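Me: I would like to learn how to read a few features of a protein model. Please take them one at a time.

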Amino acid sequence: YTMIIATPLYAASFKGNILTNAGQILLCIVALLAMMICAGIVVLQYIMAMVEYQILVGIGILLVPFALFDKTRFITEKFIGAIFGHLIKIILIIVIIGVFSGAFVSLAKLEFTGSLDQIVKYVFTMLLYAILASSVPAIATGILSGSPSLTGDTVLNTVRTVTQGIQTAAVVAGAAKYLSG
C-alpha cells in the first residue's frame, strides 16, 4: 500500500524542467525517501516479531516436559506467558497494517496535485504508521501489565530514526554522484 501513495510522488519528482521546478522535485524526492524509510520500519517490525515468535516456539517445545513435575512447572508457565505476549505483538502489528491500508487506499483515490499540504499529509500519514508500528512492543507489554500507553518519547525516537535515514540516503546519493562523474 505504500507504493500506491508513493507512485504519484515518484511521478511528480520527474515532471517538468529540473531548473524551473527544482524545489518541487527536491521536496517530492525527500518526501518519497521519508515514506520509504517509514514503510521499512513497519516491515522490519513485522519481520522481527515473526522471527521472535518462531524462535520462541521452536525453543519452547523443549520446555513442555517440564510441566509434568511440580518443581519445574514454573518454567512452562513462563513460556506460555511469553507466547501470549508475542502473539499480542503480532496481532497489534497486523491491526495497525490493516487500519492504515484503508487510509492509504483513501489517500490514493485523491488526485495528486503536488501541493505542499498534500505532500505533508502523505509523509505524516506514513510517519504515524511508523510511530505506531515501532511502539508495538511497548503497547503489548502495557496490555499484558494492564496499563498500555504511548509517550512523546516514542514519537521523538521514530522521527529521529526517519531523519537519520534521510541523511544517510543523502550521503549515499552524494557519494554515488561523486563516484559516477
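**Reading the model**

Reply: This is a predicted model.

Me: Which helix gives the largest share of the nonpolar patch?

Reply: Helix α2, residues 22-60, supplies 6 residues, the largest share. Tyr46 is located in helix α2.

Me: How do I read the packing of α3 and α4?

Reply: The angle between the axes and the distance between them describe two packed helices. Here α3 (residues 73-109) and α4 (residues 116-134) pack at about 175 degrees, with axes 11 Å apart. Angles over 145 degrees count as roughly antiparallel, so α3 is roughly antiparallel to α4.

Me: Which residues make the contact?

Reply: From α3 come Ile96, Ile97, Phe100, Phe104 and Leu107. From α4, the residues include Lys121, Tyr122, Thr125, Met126 and Leu128. By class, the contact has 11 nonpolar, 1 polar and 1 charged residues.

Me: What about charged side chains?

Reply: Side chains of opposite charge can pair when their charged atoms come close. The structure has 2 salt bridges. One of them joins the side chains of Glu52 and Lys89, at 2.6 Å from N to O.

Me: Where in the chain do Glu52 and Lys89 lie?

Reply: Glu52 is in helix α2 and Lys89 in helix α3. They are 37 residues apart, so the pair links distant parts of the chain.

Notes. Residues numbered from 1 in each chain as written. Predicted model: local features only at pLDDT ≥ 70, side-chain atom pairs only at ≥ 80, totals over all residues. Heavy atoms only, no water. Axes fitted to C-alpha atoms, helices over the stretch in contact; angles between N-to-C directions. Helix = DSSP H or I, 4+ residues; strand = E, 2+ residues; numbered from the N terminus. Parallel < 35°, antiparallel > 145°, perpendicular 65-115°, else oblique. Contact = heavy atoms within 4.5 Å. Nonpolar A, V, L, I, M, F, W, Y, C, P; charged D, E, K, R; others polar. Salt bridge = Lys/Arg side-chain N within 4 Å of Asp/Glu carboxyl O.
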